[in-house]
Amino acid sequence: MASYWQILIVFAKIGAFTIGGGYAMIPIIESEIIKRGWIEEKDFSDILALAQSAPGLLAVNISIFIGYRLKGVKGSIVATLGSIFPSFLIILLIAMIFSGFQDDPIVIRIFQGIRPVVVALIAVPMLQMAKKANRNWFSWTISIATICLVAFLKVSPIYILIIVTVISYTAAKYRDSARKKEGR
């Protein structure tokens, strides 16, 4: 099992070396956690789903869940501090130094060059997650319909989540009652 120090170092490394935060951190967190044997791959998908459902920053939520899974409340605190402290220091340094360079054409071009990389870092884990989560045509249909509704029709994801939750609950209840009738 992991020590507090190991948890802190791993999450500090993740926090320090991921540009784009949140979704861009997913593949790095997943590989670091799974290769150490702290969490199994199937469990990571569940943790990711919970982290996305909880309010707050995705990377912090993942850190909280994994830290808690490893060492309870103290583990969640250590993992969270590890993941946010490098970003805090980097932002602090940028704020102190960047104000004098923010209008520099070279700095502007650097940030313009980083943007497509960040988009790719976010897109890759989303595609990997879609492949893992969508195991049948119904799941793919829901995912594609959700993308279309949110991206093109500007439907709030909250409404989609509520509708899918009600449909899933109703289908599960119907399936359970049908199984009970067959069992009698």
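Predicted model: local features only at pLDDT ≥ 70, side-chain atom pairs only at ≥ 80, totals over all residues.

Mentor: Residues are numbered from 1 along each chain as its sequence is written, and side-chain values use heavy atoms, with hydrogens and water left out.

Trainee: How far apart are the end C-alpha atoms of residues 76-101?
Mentor: UniProt, in an unreviewed entry, lists "transmembrane region" at several stretches, including residues 47-70 and 76-101; such annotations may be inferred rather than shown by experiment, with positions given in the numbering used here and feature names shortened. Residues 47-70 are 83% helix and 0% strand, with end C-alpha atoms 13 Å apart. Residues 76-101 are 88% helix and 0% strand, and their end C-alpha atoms are separated by 37 Å.

Trainee: Are α6 and α7 roughly parallel or roughly antiparallel?
Mentor: Helices here are DSSP runs (H or I, at least four residues), numbered from the N terminus. Helix α6 (residues 137-151) packs with helix α7 (residues 157-183) at about 150 degrees, their axes 10 Å apart; axes are lines fitted to C-alpha atoms over the stretch in contact, and angles run from 0 to 180 degrees between N-to-C directions. Angles under 35 degrees count as roughly parallel, over 145 as roughly antiparallel, 65 to 115 as roughly perpendicular and the rest as oblique. That makes the two helices roughly antiparallel.

Trainee: Is the crossing of α3 and α5 left-handed or right-handed?
Mentor: Helix α3 (residues 41-53) and helix α5 (residues 105-133) meet at about 115 degrees, with axes 12 Å apart, and are therefore roughly perpendicular. A crossing is left-handed if the near helix is turned anticlockwise from the far one by less than a right angle, and right-handed if clockwise. For α3 and α5 the crossing is left-handed.

Trainee: What distance separates the C-alpha atoms of Ala16 and Ile90?
Mentor: Ala16 belongs to helix α1 (residues 4-16). The axes of α1 and helix α4 (residues 58-98) come within 7 Å and cross at roughly 40 degrees, which makes α1 oblique to α4. Ala16 and Ile90 are 74 residues apart along the chain, yet their C-alpha atoms are separated by 8.1 Å.

Trainee: Is the aromatic pair of Trp137 and Phe138 stacked or edge-to-face?
Mentor: Rings of Phe, Tyr and Trp (its six-membered ring) pair if their centres lie within 6.5 Å; planes under 30 degrees apart count as stacked, over 60 as edge-to-face and the rest as tilted. The structure holds one such pair. The ring centres of Trp137 and Phe138 are 6.0 Å apart and the planes stand at 85 degrees, so the pair is edge-to-face.

Trainee: Which ring does the charged end of Lys71 sit over?
Mentor: A charge sits over a ring if NZ of Lys or CZ of Arg is within 6 Å of the ring centre and within 35 degrees of the ring normal. Arg36 lies over the face of Trp38, at 5.8 Å from the ring centre. Lys71 is 5.3 Å from the centre of its ring, that of Tyr4.

Trainee: Is Lys154 buried or exposed?
Mentor: Lys154 is in the loop between α6 and α7, and its phi is positive, near 60 degrees. Buried means under 20% relative accessible area, exposed over 50% and partly exposed in between (1.4 Å probe, protein chains only). At 65% relative accessibility, Lys154 is exposed.
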